[in-house]
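Have the structure open while you go through them.

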Amino acid sequence: MAWDRNQMAERAAKELEDGFYVNLGIGIPTLVANYIPDGVDVTLQSENGMLGMGPFPYDDEVDPDLINAGKQTITELRRTSYFSSADSFAMIRGGHIDLSILGAMEVSEKGDLANWMIPGKMVKGMGGAMDLVAGVKRVVVVMDHASKAGDPKLLHNCSLPLTGQQVVDMVITNLGVFEIDRGKGMKLTELAPGVTVDDVKAQTEANFEIAV
Amino acid sequence: MKKIYPDARAALDGLTFDGMTVMSGGFGLCGIAENLIVALRDSGVKDLTVISNNAGVDDFGLGLLLQTRQIKKMISSYVGENKEFERQYLSGELELEFNPQGTLAERCRAGGAGIPGFYTKTGVGTLIAEGKEHKEFDGETYIMETGLVADLSIVKAWKGDEQGNLVFRKTARNFNPMMATAGKVTVAEVEEIVPLGSLDPDCIHTPGVYVQRLIKGEHEKRVEQRTVRQRETA
């Protein structure tokens, strides 16, 4: 049986290392914060200007001046610092953040990422995603293996406008885990319980080595 | 020179003209100049180019200026929370220039710091890079982005004094400090005007040189996504 959203987040949390500064994207990546392994101390960065993001507030603690990049109300921790958007992206672009975990619409076998635009249909914008994938040391994508219509999302080449070229290091889907050697190729390194290599092949357009 | 004005309308008096460029601070609805946005709407100024990370929601923040069609063009990184924006853009009524969020922040910072252009690796190989100068540094490709300045910057701070020194609060700081530096005229609205000398000079976020006019505003501080957790019951 394939992984559900929480299990994908739990798997992604294994990529966290002690002392890491981490930026989590919106959606499934946000859930990763619920699965930080014991003994691993990580500091969460929010690109709107905060290091040391705490959990959601209790009802009587809600502060309109304290939100995350998804515009959700959050809390601060004893380690927290605040800064401007320019400082926040200096941190991101300058390579000071260790890991970014984010969602995607498409990923190519060379590590290209598309997650910000569907021409003529969806105009939301890239927010900080282009800066994150350009600057953060390691980029992990968490996404469903196929679209709601059943189309593969791991492709030879992305069909949608790119967020970044050769920027993804790992993809975690409901079917398994792929490692990407940026610009070279990808390999399947783990399968979700009950999923076979043939199941993965049937839902994947991208070429990949099998290393499970 | 007296910087403190009685209200938002008075603070914008003589500053607005059709076709002007306005920078508007804030991230989502957090740290936006609520009072000055309303005053800008009420001034009736048209054909605005607005530089702001987001575009508000339909009935609050910059959404108010979209409702009245006073905005001709937006320069933003994310506009996903505004249906009227999407409608006006897809129907061709509104021009839109998307900038990656960090590039937008740095363009404002650079503009205010007298830096006309800079190189960044953000957006290389994407639509954002089309038509821009590419240059290699140490084997890596970068694109050139330009600094931004505005005819008017409107920013929101927590506290300010009569000299225009500003202190922001928590994540309501966001784009406000850079935009304060990049306006030919910067008008700030604060929650509290404090006596001179009561702000710790070591902890001032925006020095008063960047702020020409200041008002005390009334702030609704609308929350876009109220997310809470439950206390465990004993």
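1. Start at the contact between the two chains. Lys170(B) makes a salt bridge with Glu76(A), and their closest N and O atoms are 3.0 Å apart. By salt bridge I mean a side-chain nitrogen of Lys or Arg within 4 Å of a carboxyl oxygen of Asp or Glu.

2. Some bookkeeping before going on. This is a predicted model, where local features need pLDDT of at least 70, side-chain atom pairs count only at pLDDT 80 or more, and totals for chains, interfaces and linings use all residues. Residues are numbered from 1 along each chain as its sequence is written, chains are lettered from A and ligands numbered from 1 in the order in which they are written, and side-chain values use heavy atoms, with hydrogens and water left out.

3. On confidence, the model scores ipTM 0.96 and pTM 0.97. Chain B averages a pLDDT of 96, and 100% of the residues score at least 70; pLDDT is the predictor's confidence in each residue, from 0 to 100.

4. Back to the interface. Chain B puts 50 residues into the contact and chain A puts in 51 residues, with contact meaning heavy atoms within 4.5 Å. About 4400 Å² is buried between chain B and chain A, and carbon and sulfur atoms give 58% of that. Buried area here is the accessible area (1.4 Å probe) that two parts lose on being put together, summed over both. In chain B, Lys170(B), Thr171(B) and Arg229(B) lose the most area to chain A, together 16% of what that side buries.

5. Asp63(A), Asp65(A), Lys156(B), Arg169(B), Glu191(B) and Lys221(B) are linked through salt bridges. One pair in it is Lys156(B) with Glu191(B), whose closest N and O atoms are 2.8 Å apart. That pair ties together distant parts of the chain: Lys156(B) sits in strand β8 (residues 150-160) of chain B and Glu191(B) in strand β10 (residues 183-193) of chain B, 35 residues apart. Strands (E, at least two residues) and helices (H or I, at least four) are DSSP runs, numbered from the N terminus.

6. Is Lys156(B) buried or exposed? Lys156(B) is buried, with a relative accessible area of 4%, whereas Glu191(B) is partly exposed at 23%. The cut-offs are under 20% relative accessible area for buried, over 50% for exposed, and partly exposed in between (1.4 Å probe, protein chains only).

7. Two further salt bridges lie within chain B. Arg69(B) pairs with Glu93(B), the closest N and O atoms being 2.9 Å apart. Arg69(B) is in the loop between α3 (63-67) and β3 (71-76) of chain B, and Glu93(B) is in the loop between α4 (83-90) and β4 (95-98) of chain B, 24 residues apart. Lys73(B) pairs with Glu97(B), and here the closest N and O atoms are 3.4 Å apart. Lys73(B) belongs to strand β3 of chain B and Glu97(B) to strand β4 of chain B, 24 residues apart.

8. Now chain A. Both faces of strand β2 (residues 43-46) of chain A are covered: Thr43(A) and Gln45(A) are buried on one side, Leu44(A) and Ser46(A) on the other. Strand β1 (residues 21-24) of chain A runs parallel to β2(A) and is joined to it by three bridges; Val22(A) has Leu44(A) as its bridge partner. Strand β3 (residues 50-53) of chain A runs antiparallel to β2(A), with two bridges between them, and Ser46(A) is partnered with Met50(A). Strands count as paired if DSSP finds at least two bridges between them. The hairpin of β2(A) and β3(A) has three residues between the strands, and Gly49(A) takes a positive phi near 120° there.

9. Chain A also has an open sheet of three strands in the order β7-β6-β11, with mixed pairing. β7 (113-114) and β11 (154-155) of chain A stand at the edges with a single partner strand each, so one side of each has no neighbour in the sheet.

10. Last, the packing. The largest nonpolar core has 48 residues, of which Ile101(A), Val107(A), Leu113(A), Val141(A) and Val171(A) touch the most other members. A second, separate core of 40 residues includes Ala8(B), Phe60(B), Leu62(B) and Leu152(B). A nonpolar core is a set of buried Ala, Val, Leu, Ile, Met, Phe, Trp, Tyr and Cys residues joined through side-chain atoms within 4.5 Å.
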